[in-house]
Amino acid sequence: GQMMTMHYLDPEAYRRAMAHRDDRHWVYHRAGLPCRVCGTTVLVEEAAGRKLYWCPKCQA
Ligand SMILES: [Zn+2]
């Protein structure tokens with residue numbers, strides 16, 4: 001049947017799926033998207049383990 005879920009993936013596939021999910025998470029945040037204020041592409045910086053999203057034009 002078609003009962004394939006994340007729980008039954010082998011470790012390698014699971015790891016890949018998680019990485020992929022992380023990718024999507026990344027994209028769903030603001031990275032690579034235009035700033036809502038000026039339209040400039042938002043950048044991401046990692047500081048102290050936290051991801052910082054900021055617009056190089058607005059500096060915010
Ligand atoms: Zn901006």
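Residues are called buried under 20% relative accessible area, exposed over 50%, and partly exposed in between, with a 1.4 Å probe and protein chains only. By this scale threonine 41 is partly exposed, because its relative accessibility is 42%. The model described here is predicted; local features need pLDDT of at least 70, side-chain atom pairs count only at pLDDT 80 or more, and totals for chains, interfaces and linings use all residues. Residues are numbered from 1 along each chain as its sequence is written, and side-chain values use heavy atoms, with hydrogens and water left out.

Confidence was examined next. The pLDDT is the predictor's confidence in each residue, from 0 to 100. Its mean over the protein chain is 73. A value of 70 or more is reached by 62% of the residues. Helix H1 (residues 11-28) has the lowest confidence, with a mean of 65. Strand E2 (residues 50-54) has the highest, at 82.

The protein chain contains 1 helix and 2 strands. Helices (H or I, at least four residues) and strands (E, at least two) are DSSP runs, numbered from the N terminus. In that direction the order of elements is α-β-β. Of the 60 residues in the protein chain, 8% are buried.

Strands count as paired if DSSP finds at least two bridges between them. E1 and E2 are antiparallel and share 5 bridges. Alanine 47 is bridged to arginine 50 in E2. Valine 44 has tyrosine 53 of E2 as its bridge partner.

Valine 44 belongs to strand E1 (residues 43-47). It is partly exposed, because its relative accessibility is 26%. Its C-alpha atom is separated by 6.4 Å from that of tryptophan 54, which is 10 residues away along the chain. Threonine 41 lies in the loop between H1 and E1. Its C-alpha atom is 9.0 Å from that of lysine 57, and the two residues are 16 apart in sequence.

The ideal angle for four tetrahedral donors is 109.5 degrees.

Accessibility was also computed for cysteines of the site. Cysteine 35 is buried, because its relative accessible area is 9%. Cysteine 38 is partly exposed at 30% relative accessibility. Cysteine 58 is partly exposed at 33%. The structure contains 0 disulfides, a disulfide being a pair of cysteine sulfur atoms within 2.5 Å.
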